Structures are given as structure tokens and as C-alpha cells.
Amino acid sequence: MSLFGGWGMLAAFLALLCCRGSGVKAFEGPEHLMVGSGEFQFINCTASCTDPKNIVLETHLSKTLLESQAQWKLFKVYNISKDEKLLCSFTCGGKQETKVFIVTVFYPPKQVLLTLWPTSVAAGTLFTIECRVPAVAPLEGLTVTLLRGTEILYNHTFVGTAPSPQDAMVSRNTTAHREDGHHNFSCEAQMDLRSRGGGLVHRISDPQRLEVKEPEPNTQMVALITTVTVLLLMVVTLVLLYRYRQQTRNT
């Protein structure tokens, strides 16, 4: 069951506590609800009067009446796979009234996939950290964070909405340091749906290790230094031979 399914269960529990043996208006829950694709949602239909007639939840989805009292009925609605509008109707004083619940389906981050490329690098060279969160929606409010140990290397919060689930991608090029080989790299995805009547969904990738090697010597530079050294030795040798011949002639 999702985080929001648990929230709905808590709402239902509060509704039962509020309504048993009292004439006080029951907890109705937010009119805007979030539910994971294919999951269920609790709906508490509460009338605005103390003696309502015909409290009904109108939906084409499968539902179960869990419990009822004079002023309210608690339903469980199953297999919500797309955005839905649920209607609670009841009659108060001969007048029919309706309460609307807007249920929005979201696709939470179920996987967070981290890739280091290459996995083995020399200190001082670039490598790429890439994080992919498959099939998520809405993108708005999704934050992806790249971590080295507990240190935040980079984070990105997506904006805008998408009509269907899509992959969220974040990548970063960075320079390898010797100490990087002693830390785990990971990626964290957090979906914040609180502004839509939901909550927080948090997932983190499996840790990855980077192999950091000592930088390889520059072969061209080594060849240049060797050539210069040989030339200097030749010059010194020629100078010494020249002085030796001069001294021999003078004697």
C-alpha cells in the first residue's frame, strides 16, 4: 500500500472516531486526493445535515461500503488507474446535495537507477554521473539529487506537467579526485505532492563505487624531457672535451 493509502486509512480512522455516538459533522477529507496508479482510496461521504437520506457514492469503479452511520458512509474505491471525479450525493430536507472528490492518479518513483561512466578513471579526469527515474508522473515537484556519501553534488527540481508517465533524467560531469574512491555515489528521488493533497514519496538508488587510479604519465612529455636531457648531456660533454683539448695544447 502506498504512503497515500496509509494516509487515507488514517483519515478513515479519524472519521470513525469523530462520528461514533455524536451529532458532530464527520471528517470529510480533502476534496482533492492523490492516489498511486492502480491503488485504492478511502472516501468518506458526509452529509451536511443531521438526518440525511440516501447517501450514495457515484462512480463506475468497484467500491465497498466499509461502515456507515446516520450522517456518513465510508467507502473503499478500488483500482484507480486514471484521474477520476467521484460524487457523494445525499438528500437533506428534501433537497439533493452533492460533494465532489477530484482524485488525481500519480506514478511514484519505484526505481532510481544510477550509472557512473566510466567506472574506473584516473584522478584529475572527468567522469559522468547519470540518474534515471523510470515512468514517473507528474514531473512537477520531483527532485533528483546526486550524492557522494552524504554530500550533495547536484540536485534538480522538475517543472511542468506531463500527460503520461515518462523517465526523469539527470546527469552531471565532474572531475575525479583521489578521495572519491573512498565514498559511495547514490541518487535520491523525492516526489512532493503536498500542494495537491498528497504527501512525500522518497526513493534512493543502490550505491555505486568509483575506482580512482593514479594519473598515467604523459608519454609525449616524458619523451620531450628525455630528449632535452640527452641534448644537455651532449652539450656538456662537448664543452668538457673542448676544454680538455685546450688544456692539452697549452701544456
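These are my notebook entries on a few features I looked up in this structure, which is a predicted model.

**Entry 1, the chain as a whole.** I began with the secondary structure, and the chain comes to two helices and 17 strands. I then looked up burial, and found that buried residues make up 35% of the 251 residues in the chain. For the contacts, I took those between residues at least 6 apart in sequence, and 63% of them join residues at least 24 apart.

**Entry 2, aromatic pairs.** I searched the whole structure for aromatic pairs and the search returned two. Phe-40 and Phe-42 form an edge-to-face pair, with 5.6 Å from centre to centre and 80° between the planes. I checked the burial of these two residues, and both Phe-40 and Phe-42 are buried. For Phe-127 and Phe-185 I noted ring centres 5.8 Å apart and planes at 80°, and since planes over 60 degrees apart count as edge-to-face, this pair is edge-to-face as well. This pair links distant parts of the chain, as Phe-127 belongs to strand 10 (residues 126-136) and Phe-185 to strand 14 (residues 184-192), 58 residues apart. Phe-127 has a relative accessibility of 2% and therefore counts as buried, and Phe-185, with a relative accessible area of 1%, is buried too.

From Phe-185 I moved to Arg-148, which touches Phe-185 and lies in strand 11, residues 142-148.

Which residues make the nonpolar surface patch of about 280 Å²? I found Leu-224, Val-228 and Leu-232. I followed up Leu-232, which lies in helix 2, a helix that covers residues 219-250. Leu-232 has a relative accessible area of 53%, and because exposed means over 50%, I recorded Leu-232 as exposed.

Technical notes: Residues numbered from 1 in each chain as written. Predicted model: local features only at pLDDT ≥ 70, side-chain atom pairs only at ≥ 80, totals over all residues. Heavy atoms only, no water. Helix = DSSP H or I, 4+ residues; strand = E, 2+ residues; numbered from the N terminus. Contact = heavy atoms within 4.5 Å. Patch = residues over 30% accessible without salt bridge, like charges linked within 9 Å, V, L, I, M, F, W, Y side chains within 5 Å. Areas by Shrake-Rupley, 256 points an atom, 1.4 Å probe, with all protein chains shown as cover. Salt bridge = Lys/Arg side-chain N within 4 Å of Asp/Glu carboxyl O. Buried < 20%, exposed > 50% of the residue type's maximum accessible area, 1.4 Å probe, protein only. Phe/Tyr/Trp six-rings, centres within 6.5 Å; stacked < 30°, edge-to-face > 60°. Lists of a residue's contacts leave out its neighbours within four places in sequence.
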